[in-house]
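Here are my notes on this one, point by point. Have the viewer open while you read.

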Amino acid sequence: MAEQKIVKPKAQEKEVLIKVKNLKKYFVVGKNAVLKAVDDVSFDIYKGETLGLVGESGCGKTTCGRTVMGLYGATDGEILFDGHDISKFNKKEKKDFTRRAQIIFQDPYASLNPRMTVGDIIGEGIDVHGLYSGQERTNKIFELLKLVGLNKEHASRFPHEFSGGQRQRIGIARALAIEPDFIVCDEPISALDVSIQAQVVNLLIKLQNELGLTYLFIAHDLSMVKHISDRVGVMYLGSMVELASSHDLYDKPLHPYTQALLSAIPIPDPEAVRSKNRIQLEGEVPSPINPKPGCRFAGRCRYAKPICSEKTPKFKEVEPLHFVACHLV
């Protein structure tokens, strides 16, 4: 039976849950060498919406998501959660923050403790935050397993007894166990078979509709990002180069890198593929270690002008709610 497509409604509220302002995350990798994994990135995530984050491998998507979660300390900039700076939280406030914000990791094989049963993996957060105990705790675990498409008999099994798709469902159940408001989905489908990817994405959309969740959805699959996201941000070498609604970004990409990225989306139609104008990028990806001034995409951009290599473009609103960092737009 074909997988039923779940239609995602538009986010109704415009109340900001996460505000990221001029975020920087640098790593010292040697003498006088600094890797600028996230460099001056700003965006908002509204309550009840999904913000997609896309870009090539190594562009800083995952580092950005983990820094927003507080798993990495920010080098500079602010991350405001419900108006409060997460870097200034005391011990109790940090615990409250982890209660409201969770992450689904990319690798379902490495992110589950092989020595713990599924019930204990899901129940660990419940125990840490003291939400349920005894039979209530057991019933909650069974309820979560049912919610993600598993059954209560699975609670006594170990992770190695499950397929990749089932393990990712366990990871989703673990994230939902403490009833969070915000979830970072760090490439949750990239390690799964194509046949399972749609099931997991539709599950995430279904849970969002039922529970009012807010997502930061990090992925490589541009078609899937369009399907699940209200707005999409495009990152290149640590910087945000474009941010717009899903509809605007895919129909009218303004940044040359976004245009090239979208032209690479596979089309299941041989005739359409032959007539498609694929943008081929030339040149090497520059190193994020001690990057030079100017636009980091300038060396691969077919429209580049001298100013592009001399001055870093500002991330500005060029159309209503459509932001681009490009001198030529």
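**Notes on the model**

1. Let's start with V232, which sits in strand β9 (residues 231-236); helices (H or I, at least four residues) and strands (E, at least two) are DSSP runs, numbered from the N terminus. This is a predicted model, where local features need pLDDT of at least 70, side-chain atom pairs count only at pLDDT 80 or more, and totals for chains, interfaces and linings use all residues. Residues are numbered from 1 along each chain as its sequence is written, and side-chain values use heavy atoms, with hydrogens and water left out.

2. Is V232 buried or exposed? V232 is buried, because its relative accessible area is 0% (buried means under 20%, exposed over 50%, partly exposed in between, with a 1.4 Å probe and protein chains only). Leaving aside neighbours within four places in sequence, V232 has contacts (heavy atoms within 4.5 Å) that include L51, G52, V54, E242, L249 and Y250. V16 is 216 residues away from V232 along the chain, and their C-alpha atoms are separated by 16 Å.

3. On to the cores, meaning sets of buried Ala, Val, Leu, Ile, Met, Phe, Trp, Tyr and Cys residues joined through side-chain atoms within 4.5 Å. The largest nonpolar core has 56 residues, of which I122, I170, I172, I183, L204, F217 and Y250 touch the most other members. Helix α6 (residues 194-211) supplies the largest share of this core, six residues. Another core, of 28 residues, lies apart from it, with V20, V68, M69 and F81 among them.

4. Now the helix pair. Helix α3 (residues 118-128) packs against helix α5 (residues 164-176) at an angle of about 30 degrees, with axes 7 Å apart. That makes α3 roughly parallel to α5, since angles under 35 degrees count as roughly parallel, over 145 as roughly antiparallel, 65 to 115 as roughly perpendicular and the rest as oblique. Where do α3 and α5 meet? V118, I121 and I122 in α3 meet I170, A173 and R174 in α5.

5. H160 is in the loop between α4 (134-147) and α5. H160 counts as exposed because its relative accessible area is 59%. H160 and G171 are eleven residues apart in sequence, and 13 Å apart in space, C-alpha to C-alpha.

6. Last, confidence. pLDDT (the predictor's confidence in each residue, from 0 to 100) averages 88 over the chain, and 94% of the residues score at least 70. Over residues 1-5 pLDDT stays under 50, and the model has six contacts beyond four places in sequence for them. Residues 9-13 also stay under 50, with eight such contacts.

Methods:
Axes are lines fitted to C-alpha atoms, for helices over the stretch in contact, and angles run from 0 to 180 degrees between N-to-C directions.
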